[in-house]
Amino acid sequence: MNIKSFLKKTLTLTTIIYTVSMLFIVIVTMLGGANQAGEFPPIGVDTHLFFLAFSLFSAISITVAKFEKIPSSARYFIEGGGMATGFLLFVVLTRDGMQLGKACAWTLGFI
């Protein structure tokens with residue numbers, strides 16, 4: 001796999017993962033309901049950036065796992081480990097007051 005193909009696959013997967021994850025966040029926010037003024041709570045820029053970092057980290061791990069020279073048994077560990085690590089670093093631990101034990105429980109739920 002050359003550099004151009006690697007970047008194309010990584011950016012494509014990043015946009016897909018980011019779109020799906022932000023769609024989930026928007027739906028959950030809307031299901032949470034509006035406040036008394038009829039407004040939905042805003043989704044902050046930091047949330048978008050952390051989900052973008054999670055998407056990029058996950059896309060890189062998925063793309064690296066598709067290299068031909070990597071054994072098939074190791075591909076699952078690379079792909080799953082990259083997604084779980086990205087979720088832990090960029091989604092769970094970025095929340096205010098999140099402790100490591102609770103963060104690991106959220107990550108196991110994600111897995």
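I began with what covers the buried residues of helix 3, and the cover includes helix 2 (45–65) and helix 4, with contact meaning heavy atoms within 4.5 Å and buried meaning under 20% relative accessible area (1.4 Å probe, protein chains only). Helices here are DSSP runs of H or I with at least four residues, numbered from the N terminus. The buried residues in question are Gly 82, Ala 84, Gly 86, Phe 87, Leu 88, Val 91 and Val 92.

I noted that this is a predicted model, in which local features need pLDDT of at least 70 and side-chain atom pairs count only at pLDDT 80 or more, while totals for chains, interfaces and linings use all residues. Residues are numbered from 1 along each chain as its sequence is written, and side-chain values use heavy atoms, with hydrogens and water left out.

Next I looked up the pairing of helix 3 (residues 72–92) with helix 4 (residues 100–110), whose axes, lines fitted to C-alpha atoms over the stretch in contact, come within 10 Å and cross at roughly 135°. That angle makes helix 3 oblique to helix 4, since angles under 35 degrees count as roughly parallel, over 145 as roughly antiparallel, 65 to 115 as roughly perpendicular and the rest as oblique.

For the contact itself, I listed Met 83, Ala 84, Phe 87, Leu 88 and Val 92 in helix 3, which meet Ala 103, Cys 104, Trp 106, Thr 107 and Phe 110 in helix 4.

Finally, I recorded that the protein has four helices and zero strands, and that buried residues make up 23% of its 111 residues.

Note on methods:
Axes fitted to C-alpha atoms, helices over the stretch in contact; angles between N-to-C directions. Helix = DSSP H or I, 4+ residues; strand = E, 2+ residues; numbered from the N terminus. Buried < 20%, exposed > 50% of the residue type's maximum accessible area, 1.4 Å probe, protein only.
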